[in-house]
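Subject: Structure for you to look at

Hello,

Here is the structure I promised to pass on. Please open it first, then read my notes below.

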Amino acid sequence: MNLAGDDKESDFLGASFNQDSSSLSVACRSGFKLYQLSSTEKFEKIYEMVGEDACMVERLFSSSLVAVVGLTHPRKLRVYHFKKGTEICNYSYSSNILNVKLNRQRLVVVLEESLYIHSIKDMKVIHTIRDTPPNSGGVCAFSSHPDTGFMAYPGSSQVGEVQIFDTINLQAVTMIQAHDGCLAALAFNSNGKKL
């Protein structure tokens, strides 16, 4: 969730849960914060980075890997090992990053008209899907289940078509006619077999 344009006075810019909802990442004008959610009553801050702004923060499960996109540099993805306090890598893209998704094998970067698929192992770009229909909302779903690498994204900017892509074998799987209107959101269930 990115709220960068909403309130110019607020430090808060966005928040997201990790893949199993055990952690909450909070993006702020002053940096980012990570919280561990051990129960509905316990909400423990486990890390805070102050300095560069962050409008999008995604954590890989409960690992130390965090992907960050800044408000002042919306075309740049920074990947950190937050426990060591080190930047693993950074990538710059041709347009603003609208969404970032992670699972144990892949990292996906969503731009308005393309998607970049990285290998988690070495963070290299292993595949690019270019010339996708305009997707200004960064709508994308990514299976976090270890046995599936399915990604879903809009197949049309006019109607509710969903393109399913296998990020493990790097090939399109199918196109689904979901409904008449444009897509506003997509999500996979926990085993990655239902959209």
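β15 and β16 run antiparallel to each other and are joined over seven bridges. Within this pairing, Gln163 sits opposite Met175 of β16. Please keep in mind that this is a predicted model.

The pair belongs to an open sheet of four strands, in the order β13-β14-β15-β16. The pairing there is antiparallel. Which strands stand at the edges? They are β13 and β16. Each has a single partner strand, so one side of each has no neighbour in the sheet. As background, strands of a sheet pair through backbone hydrogen bonds.

Now the nonpolar cores. The largest one has 32 residues. Those with the most contacts inside it are Phe32, Val57, Leu77, Ile97, Val100, Leu107 and Val109. Several strands supply at least two residues each, namely β3 (31-37), β4 (43-50), β5 (56-59), β6 (65-69), β7 (76-81), β9 (99-102) and β10 (106-110). The largest share, five residues, comes from β6.

Take Val100 as a way in. Its neighbours within four places in sequence aside, Val100 is in contact with Met56, Glu58, Ala67, Val69, Leu77, Leu107 and Val108. There is also a second, separate core of ten residues. Leu115, Cys140, Tyr153 and Phe165 are included in this second core. In general, nonpolar side chains tend to be buried together in soluble globular proteins.

Next, some loop positions.

- Asp131 lies in the loop between β12 (125-130) and β13 (141-142). Asp131 is not a glycine, yet its phi is positive, at about 55°. With a relative accessible area of 71%, Asp131 is exposed.
- Leu170 is in the loop between β15 (160-166) and β16 (171-179). Phi of Leu170 is also positive, near 55°, and this residue is other than glycine. Is Leu170 exposed or only partly exposed? Its relative accessibility is 27%, so Leu170 counts as partly exposed; exposed would need over 50%.
- Gly85 is in the loop between β7 and β8 (86-92). Gly85 is exposed, at 52% relative accessible area. Gly85 and Ser64 are 21 residues apart in sequence, while their C-alpha atoms are 9.5 Å apart in space.

That is what I have for now.

Best wishes

Definitions and conventions. Residues are numbered from 1 along each chain as its sequence is written. This is a predicted model: local features need pLDDT of at least 70, side-chain atom pairs count only at pLDDT 80 or more; totals for chains, interfaces and linings use all residues. Side-chain values use heavy atoms; hydrogens and water are left out. A nonpolar core is a set of buried Ala, Val, Leu, Ile, Met, Phe, Trp, Tyr and Cys residues joined through side-chain atoms within 4.5 Å. Buried means under 20% relative accessible area, exposed over 50%, partly exposed in between (1.4 Å probe, protein chains only). Contact means heavy atoms within 4.5 Å. Two strands pair if DSSP finds at least two bridges between them.
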